[in-house]
Amino acid sequence: MLTGLDSGQIIVSAYTDGSGGVCPMLAAHRRGGRTSLASFARAWDRYTEAQSARRATERELRTLRAMLEASLWYEPDRGDLDRAVAELRERGRERPKRDTGERNRSRELRGRPGWAWLRVFRRLDDWEAALAIAEEQRADQAAARLAERERPLERV
């Protein structure tokens, strides 16, 4: 985005203005920056208080440049956070996990199709095929129950 600020006419309150002016995000995009932060565009327009598309003032551009450069140099103070994370990890090692009585049967059941109670489908046609199989199985089970009810009792 910094390169984009130097290389073209930057505008506010629009994506382009038809005469070569572009918003800072489009300027960055045209120079290889791949970003899609709509929140930046809203914040930029709110900061500039523009009612219609216009060229950004020098002051607005200096402020944007200063904020972008500051964001590159910013190193958050993580001392307390890193220490707290280390303490939590250490406590986790000290305390053994509770036995819930459940056991992992994934190795045992891996080769058995449909063993999981929840299956993830990445494609609609896969889900529809699985649904058709399930409905067919349900129909077969219902037919078997009906046939069993209608079978005459045998005398011994």
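**Close-up views of a predicted model**

**View 1. Trp 127 sits in a nonpolar surface patch.** Trp 127 is partly exposed, with a relative accessible area of 41%; on this scale, buried means under 20%, exposed over 50% and partly exposed in between (1.4 Å probe, protein chains only). This is a predicted model, where local features need pLDDT of at least 70 and side-chain atom pairs count only at pLDDT 80 or more, while totals for chains, interfaces and linings use all residues. Residues are numbered from 1 along each chain as its sequence is written, and side-chain values use heavy atoms, with hydrogens and water left out. Trp 127 belongs to helix α7, residues 124–150; helices (H or I, at least four residues) and strands (E, at least two) are DSSP runs numbered from the N terminus. Patch members have over 30% relative accessible area and no salt bridge; nonpolar side chains (Val, Leu, Ile, Met, Phe, Trp, Tyr) are joined within 5 Å, like charges within 9 Å. A salt bridge puts a side-chain nitrogen of Lys or Arg within 4 Å of a carboxyl oxygen of Asp or Glu.

**View 2. Phe 40, Trp 44 and Tyr 47 make one aromatic cluster.** Rings of Phe, Tyr and Trp (its six-membered ring) pair if their centres lie within 6.5 Å; planes under 30 degrees apart are stacked, over 60 edge-to-face, and the rest tilted. That rule gives two aromatic pairs. One of them is Phe 40 with Trp 44, a stacked pair with 6.5 Å centre to centre and 5° between the planes. Phe 40 and Trp 44 are separated by about one helical turn, because they are four residues apart in helix α3. Trp 44 is buried, at 5% relative accessible area.

**View 3. Thr 48 and Glu 60 touch each other.** Thr 48 belongs to helix α3, residues 38–48, and Glu 60 to helix α4, residues 58–73. Both are buried: Thr 48 has a relative accessible area of 6% and Glu 60 one of 7%. Leaving out residues up to four places away in sequence, Thr 48 also touches Val 12 and Arg 54, where contact means heavy atoms within 4.5 Å. With the same exclusion, the neighbours of Glu 60 are Val 12, Trp 44, Tyr 47, Thr 48 and Arg 54. Each side chain also reaches a backbone atom: Thr 48 to the oxygen of Asp 45 at 3.2 Å, and Glu 60 to the nitrogen of Thr 57 at 2.9 Å.

**View 4. Ser 13 has a positive phi, and so does Glu 49.** Most residues other than glycine have a negative phi. For Ser 13 phi is near 65°, and for Glu 49 it is near 55°. Ser 13 lies in the loop between β1 (11–12) and α2 (24–30), while Glu 49 lies in the loop between α3 and β2 (54–55). Ser 13 is partly exposed at 26% relative accessibility; Glu 49 is exposed, at 65% relative accessible area.

**View 5. The whole protein has seven helices and two strands.** Along the sequence the pattern runs α-β-α-α-β-α-α-α-α. Of the 156 residues, 15% count as buried. The protein exposes about 14,000 Å², with carbon and sulfur atoms supplying 50% of it.

How values were computed: Polar contact = N/O pair within 3.5 Å; in protein donor to acceptor, adjacent residues only side chain to side chain. Areas by Shrake-Rupley, 256 points an atom, 1.4 Å probe, with all protein chains shown as cover.
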